Amino acid sequence: MNKLFGMAIAAAVGMTSTFAYAERANQLSDERVRQAIAYAIDMDTIVDTLFEGKAIVADSMIPNGSFKAEGLNAYAYDPEKARALLKDAGWDDSQVLDVVYYYGDQLTADLMVAMQAYLGDVGIQMTYRKLEGDVGGQLSVLPTAEDTSGIEWDIAYGAKAALALQEYYNGYKSGSSSYVPGDADRDALIQRINASADPAVQADAFKDFERFENTKLSDIPLYYQQLFIYESARMSRNGGQYGNDQFNYDWGIANWTVEPDANGKEVLYTNTAPAQFFEHPWLNPGIYVFSKIGLDRLLTANGSLAPTEGQLAEDFSVSDDGLTITFDLKDGLTWHDGAPLTSEDVLWSIETAKTVPGINAVFQSTFDAIESMSAEGDVITLNMSQLDPNVFLTFSQFAPLPKHLLDGVNPAEFQQHPYWQNPVGSGPYKIAEVQMNDYVRFVPFAEHHGGEANIDEIVAFPSGENDGNVVTNAASGRLDFGFTKSVADVASLEAMDHMKIVPADIPYTRSLRINAFPKAASK
């Protein structure tokens, strides 16, 4: 750590406060410069110190696993090589790179200080600033007709989380990226990773893509962030599996138990309840508590998000050519209000989701590939215009919603519908009471197709994905399960005798996005 901040002081002393671009080509378009940046940053030291060992140094945007190519260059810390590459590229060391980020935590601020020190040590000056306001817009504006960058920054530090691994690379397609110029070879590789639903074929395509990007470095991968599931000693999963809690999988919550209180009642405490309204589940399908315990999907998945078996569906199948998908719903399904849950709800939900702004990219890709769909009784048939490699993944995450309560909704005002103040679902727990921005009480849904859940009541407190009250609530016995990516929260929770931490490897990569488009003449 002393090494990091000693370098930071030296870099800060020599930093200019104002800067301007001369009329020149964007040197970040030279892959040698991008490689130099990768060599200049000592991620092993950063992970060991700033992250207290609770992250995994990355050598690709794709996380470790069966889809990872062997022998990738990890760009291990080598400042001499970085300097040599910059010299070969004719690096102009008078320029000052504009580095942006969008996280508000101290860890990110410390990382920016460390990066400034490491890059300064090899002759790359940088300033850093936190984006405010419309962050998505500032990160994602596409190039102008003149093929000049539409974004203001040089490098953006951020994350990519993937439901389907194609999400890591599909955004690089020519014309789709704010920072990656088009490339015919890259486009051909993108086509390959989307051309088959066969995992073995997909794996070969992904490995070729990784080897290509290992040199190009459109993103410079820094580290894989782990997800940390926390549980109190009061509760037991009774054999239920662990996995990627940002999404939905068969964790067996109906079988969980918790120590009863003095009255013999089992009450479990968690977070991610709403502050103003329940978030709809078609963008972030599994982050919020209602989406996880109040809604079911056609299929379920294992902890690694591989689709496994039916949930609302009794059976499902795909034709040999991958273009016809069928789902046979279970008999007697009902919504929490007692209304029948039918194939009409499923078809209506798909059609409506196609018109709602801002749904999950994997869902959108699947729905765009549906040419027609129909239902005969409980059997739903989807006819695809093209093969979708993630169709079953989509239906393990996409939650149908009740047509009888939402029919006729204006898609542009979908999230503002009164339904989202007290939604009706189909999962093992239903809402018993909503005190908005205070708590939500859930109780078992006695008519659930999977049987009645064990725990008498789940009380959820409001929070987003990152809960600022995790440590306080856990210490006071008001938090029994949830997940976090905050290293500081993990360290505090680990110090509590009654809390257990279970790390989970997830597809979540922090990286530097490099703006390689031609830049405007002045800045």
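Me: Where does D388 lie?
Reply: D388 sits in the loop between β15 (379-384) and α13 (391-397); helices (H or I, at least four residues) and strands (E, at least two) are DSSP runs, numbered from the N terminus. This is a predicted model, where local features need pLDDT of at least 70, side-chain atom pairs count only at pLDDT 80 or more, and totals for chains, interfaces and linings use all residues. Residues are numbered from 1 along each chain as its sequence is written, and side-chain values use heavy atoms, with hydrogens and water left out.

Me: How do you know that D388 has no salt bridge?
Reply: A salt bridge needs a side-chain nitrogen of Lys or Arg within 4 Å of a carboxyl oxygen of Asp or Glu. For D388, the nearest side chain of opposite charge, K354, is 12 Å away, so there is none.

Me: What makes the pair D388 and T366 a polar contact?
Reply: Their side chains come to 2.4 Å, and the term covers a pair of N or O atoms within 3.5 Å (within protein, one must be able to donate a hydrogen and the other to accept it, and residues adjacent in sequence count only if both atoms are side-chain atoms).

Me: Why is L217 called buried?
Reply: Its relative accessible area is 3%, and buried means under 20%, exposed over 50%, partly exposed in between (1.4 Å probe, protein chains only). L305, at 7%, therefore counts as buried too.

Me: How do you know that β17 and β18 pair?
Reply: Pairing requires that DSSP finds at least two bridges between two strands. Strands β17 (residues 439-444) and β18 (residues 457-462) have three, in the antiparallel sense.

Note on methods
Lys, Arg positive; Asp, Glu negative; His and termini not counted.
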